There are 2 protein chains.
Amino acid sequence: MAPTPDLPVIPFPSSVSGGAGSTAELPVLGGEPRERADAARNRRRILSATEALVARDGAACVSMDRIAVAAGVGKGTLFRRFGDRAGLLRSLLNDRESAFQDELIRGAPPLGPGAPARERIVAFGPAYLLQLEDFADLITEIERSLGTSSQLASPVYQLYRTHLVVLLREVGPSVDPDLHADMLLAPLAAGVVGHQRTVLGLPVERIAAAWSTLAARLVDG
Amino acid sequence: MAPTPDLPVIPFPSSVSGGAGSTAELPVLGGEPRERADAARNRRRILSATEALVARDGAACVSMDRIAVAAGVGKGTLFRRFGDRAGLLRSLLNDRESAFQDELIRGAPPLGPGAPARERIVAFGPAYLLQLEDFADLITEIERSLGTSSQLASPVYQLYRTHLVVLLREVGPSVDPDLHADMLLAPLAAGVVGHQRTVLGLPVERIAAAWSTLAARLVDG
DNA sequence: GCGTTAAGTGGACTATGGTCCGATTCTGGG
DNA sequence: CCCAGAATCGGACCATAGTCCACTTAACGC
């Protein structure tokens, strides 16, 4: 980590794609080089092995070596495909994540467009927390293995951040969208929420309520 | 991390104690077993080696092995003394940290007692950020190597948290002190602030102002 | 079919934090 | 001064994430 980080290149968009055994995975688009058959096969193997191990032992206990062995591939293949541990784990919840992001952008009010910015902001936290609940284990582990700085730079974080920045801009000049977006997002980190739920024993509804209060008061000035 | 964490026992309170060459380190108190001479000598060696390496290469690049070699002790000694990497790094800023904590508890208003709770809360963020600035590198690294969950459980975090919880209780029933304390603390994490400063290029004054706005609006409800 | 080529592969290798335990050294008492 | 016991030491050892590159193999034009 001392020398240049140099994010590894991920040649294919590791889509998780349910598992319905259709042989034709992707329609051939434009100039994109097709994924080789053995690569696709290995990707499927890796994903299902990872899924099984995570389900059995919990995300925190699953090492890359164990996944490689279980999937019957070399360790190098894991990293070539998914970049790093966080990437591999994330590909397990791509579907769910995209669905939530769609809700934000195209869904019904108060989360989606149609509601005033204030309402959309206030609704964001609870919705995010709800989504977090199902995959808390996995998301906590992803955040842990990424570390704060890479986490904040990740496309996923940026998407949520941009969403809030845009909405905050609409509520007027009394907020600092760039900073307040981060400040509203920070307490939603899986590690923080996990601590509140597990150690302090607080129910997710109460966390959601407290977050909404904070957000509402910020935007109501 | 999978099996029981089992925090290692740290037999002596690794006090950093400036370096004024007084031979009598600690007055012999009560029934406490005295620290052995070789142990004290090694502790001093380790701390100054760590300090030098951190100053030269930055906290992120300093590995435990390198410190052990530079200090002329075995790696085991490092861990016995300081528990883990985070503990060793933290002992480098014990003095500064205690000074700030004193300010909170016994200092002048608006940070210390004497000012109304609202003012003390609003003043907390900017003061913390100021303190963070001097040791951003070190604190970022401590947080990174601890991981969110251990970070939230650490005595240092708990102290700040309790401080805010107490003050939030005073502002009335419209806040949820246990949760809002965490929510105000989360955006002050060194990783978050570092990202805002480095990547987004925002000045610390603006971050402080945004935090104070958020806090003020929360308590003014 | 067949050769060319680039994508893909796997496992040895490195760096790192952290653990363990036999060997060593300090300390207090005789 | 010397001894016994306990605190301390140190470096071999482990698991882990991530890198590297010589070798393999699928794809595609002929």
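**Reading the surfaces and a helix pair**

Analyst: By class, the surface near DNA strand D holds 12 charged, eight nonpolar and six polar residues. This is a predicted model, where local features need pLDDT of at least 70 and side-chain atom pairs count only at pLDDT 80 or more, while totals for chains, interfaces and linings use all residues. Residues are numbered from 1 along each chain as its sequence is written, with chains lettered from A and ligands numbered from 1 in the order in which they are written.

User: What makes a residue nonpolar, charged or polar?

Analyst: Ala, Val, Leu, Ile, Met, Phe, Trp, Tyr, Cys and Pro are nonpolar, Asp, Glu, Lys and Arg are charged, and the others, Gly among them, are polar.

User: Why are helix 7 of chain A and helix 11 of chain A called oblique?

Analyst: Their angle is about 130 degrees, and their axes are 8 Å apart. Under 35 degrees is roughly parallel, over 145 roughly antiparallel, 65 to 115 roughly perpendicular, and the rest oblique. So helix 7 of chain A and helix 11 of chain A are oblique to each other.

User: How many residues of chain B are in contact with chain A?

Analyst: 34 residues of chain B are in contact with 34 of chain A, contact being C-beta atoms, placed from the backbone, within 7 Å.

Key
Contact = placed C-beta atoms within 7 Å. Axes fitted to C-alpha atoms, helices over the stretch in contact; angles between N-to-C directions. Helix = DSSP H or I, 4+ residues; strand = E, 2+ residues; numbered from the N terminus.
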